[in-house]
Amino acid sequence: MRVLDLNCDMGEGDGVYPLGHDLALLDHVSSANIACGFHAGDPCTMAATVKAAAAKGVAIGAHPGLRDLEGFGRREMTISAAQAYNLTVYQIGALYGFTAAAGVRMCHVKAHGALYNMAAGDTRLAEAICRAVRDVDASLIVFAPSGSAMEQAASALGLQVACEVFADRSYQDDGSLTPRSQPGAMITDLQQSIEQVRSIVLQGCVRALSGRQVPLKADTLCIHGDQPGALLFARGLRAALQDAGVTVLAPVPAARRA
């Protein structure tokens, strides 16, 4: 049986309640990556999103990013390994409190935006982020790009890894995401997205913008919750996966399995 997690970045709106479409997205995804206040989100949004995800049985993860509300955490910054470690511990801890208050357990951690992309190719940052995860809770799963420095660092530290692929982003020849500043970085056509996901999940490779077939391992599939068509993509992709015989299911931390 083929199994794939369907995750979405959520809680990225400020206010008393999460963005309206977040609540609808929770009906279609199996994991929620919740913003922890640095790139987006606030205490009220975090609390509401955790509560809503828990009520729908969606696995909850922390989504730590760079301290950059104005740039939504998508602008690269020069940070030290110590800073990467501390900002990760801080943000995991913030969401950890809300999950404990809601009577649920956090399942995973996925870095956001520029921090995610920087750590994918920077061993120093990747190791610092993964140490932070381990030191807070070694049972947490690390979401990381397939073949990245993050995947390698997490594995080296004995952490469980879920290799992540993207439904709404295009790829480069080295398996990295196309920078958002370049043409074709975002996939806005649902059918094109479905075809990309089918190739990744069923054939183990993705067609890069150059046309080259690039191997990828897929444990979890991301949809960006801030995209205008996020709900349409979530519905369509989940249906397409089920039609292909793929079960949508969140990964379970190995240390917590019965």
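Modeller: A residue is called buried when its relative accessible area is under 20% and exposed when that area is over 50%; the model we are reading is a predicted one.

Biologist: By that rule, is Tyr-116 buried or exposed?

Modeller: Tyr-116 has a relative accessible area of 6%, and therefore counts as buried. Phe-166, at 3% relative accessibility, is likewise buried.

Biologist: How many aromatic pairs does the structure contain?

Modeller: Ring centres have to lie within 6.5 Å of each other, and by this rule there are 2 aromatic pairs. Phe-38 and Tyr-90 form a tilted pair, with 5.5 Å from centre to centre and 40 degrees between the planes. This pair joins distant parts of the chain, since Phe-38 sits in the loop between strand S2 and H2 while Tyr-90 belongs to helix H3, 52 residues apart. Phe-38 is buried at 10% relative accessibility, whereas Tyr-90, at 55%, counts as exposed. Tyr-116 and Phe-166 form an edge-to-face pair, at 5.9 Å centre to centre and with 85 degrees between the planes; Tyr-116 is in helix H4 and Phe-166 in strand S6, 50 residues apart.

Biologist: What span should helix H2 have, given 1.5 Å a residue?

Modeller: The 13 residues of H2 (residues 43-55) should span 18 Å, and the end C-alpha atoms are 18 Å apart, which agrees. Several residues of H2 are buried, among them Thr-45, Ala-48, Thr-49 and Ala-52, and H2 is followed by Gly-57, whose phi is positive, near 70 degrees.

Key:
Residues numbered from 1 in each chain as written. Predicted model: local features only at pLDDT ≥ 70, side-chain atom pairs only at ≥ 80, totals over all residues. Heavy atoms only, no water. Helix = DSSP H or I, 4+ residues; strand = E, 2+ residues; numbered from the N terminus. Expected span 1.5 Å × (residues − 1). Buried < 20%, exposed > 50% of the residue type's maximum accessible area, 1.4 Å probe, protein only. Phe/Tyr/Trp six-rings, centres within 6.5 Å; stacked < 30°, edge-to-face > 60°.
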